[in-house]
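This briefing is intended for a reader who has the sequence and the model at hand. Please consult both while working through the points below.

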Amino acid sequence: MAACVSRVELSVSCRSLLDRDLGSRSDPLCVLLQDAGGGRWAELDRTEKVKNCQDPEFCKKLVVDYYFEKVQKLKFSMYDIDNKSFDLNDDDYLGGIECTLGQIVSSSVFTRPLELKQGKPAGKGTITISAEEIKDNRVVHLEVEAQNLDKKDIFGKSDPFLEFYKQSDAGTWQLVYRSEVIKNNLNPCWRKFSVPLQTFCGGDFNKPIKVQCADHDSDGSHDLIGTLETTLAQMQTAGAGSLVEYECIHPEKKQKKKNYKNSGIIRIKSCKIETEYSFLDYVMGGCQINFTVGVDFTASNGDPKSPDSLHYISPDGVNEYLIAIWSVGSVVQDYDTDKLFPAFGFGAQVPPSWQVSHEFALNFNPSNPYCQGIQGIVDAYRQILPQIRLYGPTNFSPIINHVARFAAHSLQQGTAAQYFILLIITDGEITDLDQTRQAIVNASKLPMSIIIVGVGEADFKAMEFLDGDSGVLKSVTGEPAARDIVQFVPFRQFKNASREALSQMVLAEVPKQLVSYYKWQGWPPLKLPEIKAM
């Protein structure tokens, strides 16, 4: 199961709903359903009922888990509720819409006309949906040291570590952070660490925080050195040369020893709270994701007319190239407002000169290589296939550098406005490995990610090397990539799986890559989210 990127809260309002009640207005309620496959819909949530209202603004928010790498089909259904039963079959249907969660989160306000059934409007009724991520995206960064801790070991000093606890609403202590152990040291300085504010104190700066310092024993019987209680508000006064000091107290020693002072001093060197933005913060803040496709037309794919060619289009109209374009494109298209996608081929001889080209437009229009929607890419691919000659070599670097030029141009804006995804579909027999390594290292400094889908049965060692999962990718000169931007997936692993499985695997890394890039640049979303605690 993919990790949920985050939870989204949907606010729903309607205008001009149909009036189904005699003598009074409708009593509407909105139900949110998610596509469960096979024509079935599963209810996720529902709003409250608003009495006698044709223009309701529902107070209850609809909550849904959000996954970037999935197409999450949703249905919003409006009903006029005339009884107390939970079942909606005996209530009047006022219309509904189907859409994807991606469409909603990438629109600041999403308004659609309600339909009773496809193509039949529900009067003048409309529905408006807006999305907000449920989270407090602040993070606490702490630096802590100690002085003169009690010696607990017979043959050495102490091996101290810290544990931070927050107090729950029920009064119990809940562990939120455990530090590393520092061996044989009574004056330790622990590594800087970060904890989400929500986790650390539930967003409440005055919630009690307990800090426990103990001497680590490998058998798990750690000896308590001492504890202290504080709040985040108190710790925040640390920084800029002023430390916040606490006495570390061992309760039993304090009771037994009259002249007991403390078991050491714990010092907060710095306590900073920063906002860490999420993928949805950037998308909802107005970041456009630009999608480009590069298709491998080299001779190693085999003659497209032959059924054993990777470019052979089967009687039902598909091949691995087309499935990869559909799978990835269907997810990404929701995040691109103009739905115009540049699509290129490489490694073929192209008319009229029959020169080998490594970045020719699939629509044969180099000044305007854009295809209208994913269907436009598919149509261009089908039309160009009989008009070119598959050739070679297999060079990736020209098309990577092509997209990188656009990414570099958007970088000059200095804002989180545009991010670029390049999908390369290839049979994997790469020729210009060194130039491609350099192109990827250069692109790692730009707002872009590269997805490589390997089709066919080739040995994809070079692709796995470019992926960089087994270590940082370096150029021939030894320059390391600034960040990991390549995700390689062999299509054969998904041959018998659903198209959704391929898109989930291929796109799972993109949210992290986008966020890590903007964090590295220090760029917030174009429109800042309001802080909203859970």
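The model is predicted.

**Aromatic pairs**

- The ring centres of F346 and F396 are 5.7 Å apart and their planes stand at 75°, so this pair is edge-to-face, given that angles over 60 degrees fall in that class.
- F346 belongs to strand β18 (residues 340-346), whereas F396 sits in the loop between β23 (389-390) and α8 (397-411), so the contact ties together parts that are 50 residues apart in sequence.
- F346 has a relative accessibility of 0% and counts as buried; F396 is likewise buried, with a relative accessible area of 0%.
- Y517 and Y518 also form an edge-to-face pair, with ring centres 5.5 Å apart and planes at 70°.
- Y517 is buried at 0% relative accessibility, and Y518 is buried with a value of 0%.
- A cluster linked by ring pairs contains Y277, Y282, Y419, Y517, Y518, W520 and W523.

**Lysines over tyrosine rings**

- K70 lies over the face of Y67, at 4.3 Å from the centre of the ring.
- K210 is placed over the face of Y165, where the distance to the ring centre is 5.6 Å.

**Helix α12**

- Helix α12 spans residues 510-521 and has 12 residues. From its first C-alpha to its last it reaches 17 Å, close to the 16 Å expected at 1.5 Å a residue.
- The buried residues in α12 include V510, P511, Q513 and L514, and V515, Y517 and Y518 are buried there as well.
- An α-helix has 3.6 residues a turn, so residues three or four places apart point the same way.

**An open antiparallel sheet**

- The order of the 4 strands in this open sheet is β11-β10-β13-β14, with antiparallel pairing.
- Strands β11 (173-178) and β14 (223-230) are at the edges, and each pairs on one side only.
- On average, neighbouring strands of the sheet are turned by 25° against each other, direction ignored.
- Strand β13 (residues 209-215) pairs with β14 in the antiparallel sense over 7 bridges. V211 stands opposite L228 in β14.
- For residues 123-245, the end C-alpha atoms lie 68 Å apart, and the span is 7% helix and 46% strand.

**Backbone features**

- Most residues other than glycine have a negative phi, and most peptide bonds are trans.
- The peptide bond from P351 to P352 is cis, with omega near 0°; P352 is found in the loop between β19 (348-350) and β20 (355-357).
- W354 also has its place in the loop between β19 and β20. Its phi is near 60°, a positive value in a residue other than glycine, and W354 is partly exposed, with a relative accessible area of 30%.
- A cis peptide bond also runs from G392 to P393, with omega near 0°, and P393 lies in the loop between β23 and α8.
- F364, although not a glycine, has a positive phi of about 60°. F364 is found in the loop between β21 (360-361) and β22 (370-372) and counts as partly exposed at 32% relative accessibility.

Key:
Residues are numbered from 1 along each chain as its sequence is written. This is a predicted model: local features need pLDDT of at least 70, side-chain atom pairs count only at pLDDT 80 or more; totals for chains, interfaces and linings use all residues. Side-chain values use heavy atoms; hydrogens and water are left out. Rings of Phe, Tyr and Trp (its six-membered ring) pair if their centres lie within 6.5 Å; planes under 30 degrees apart count as stacked, over 60 as edge-to-face and the rest as tilted. Helices (H or I, at least four residues) and strands (E, at least two) are DSSP runs, numbered from the N terminus. Buried means under 20% relative accessible area, exposed over 50%, partly exposed in between (1.4 Å probe, protein chains only). A charge sits over a ring if NZ of Lys or CZ of Arg is within 6 Å of the ring centre and within 35 degrees of the ring normal. The expected span of a helix is 1.5 Å times one less than its number of residues. Two strands pair if DSSP finds at least two bridges between them. Axes are lines fitted to C-alpha atoms, for helices over the stretch in contact, and angles run from 0 to 180 degrees between N-to-C directions.
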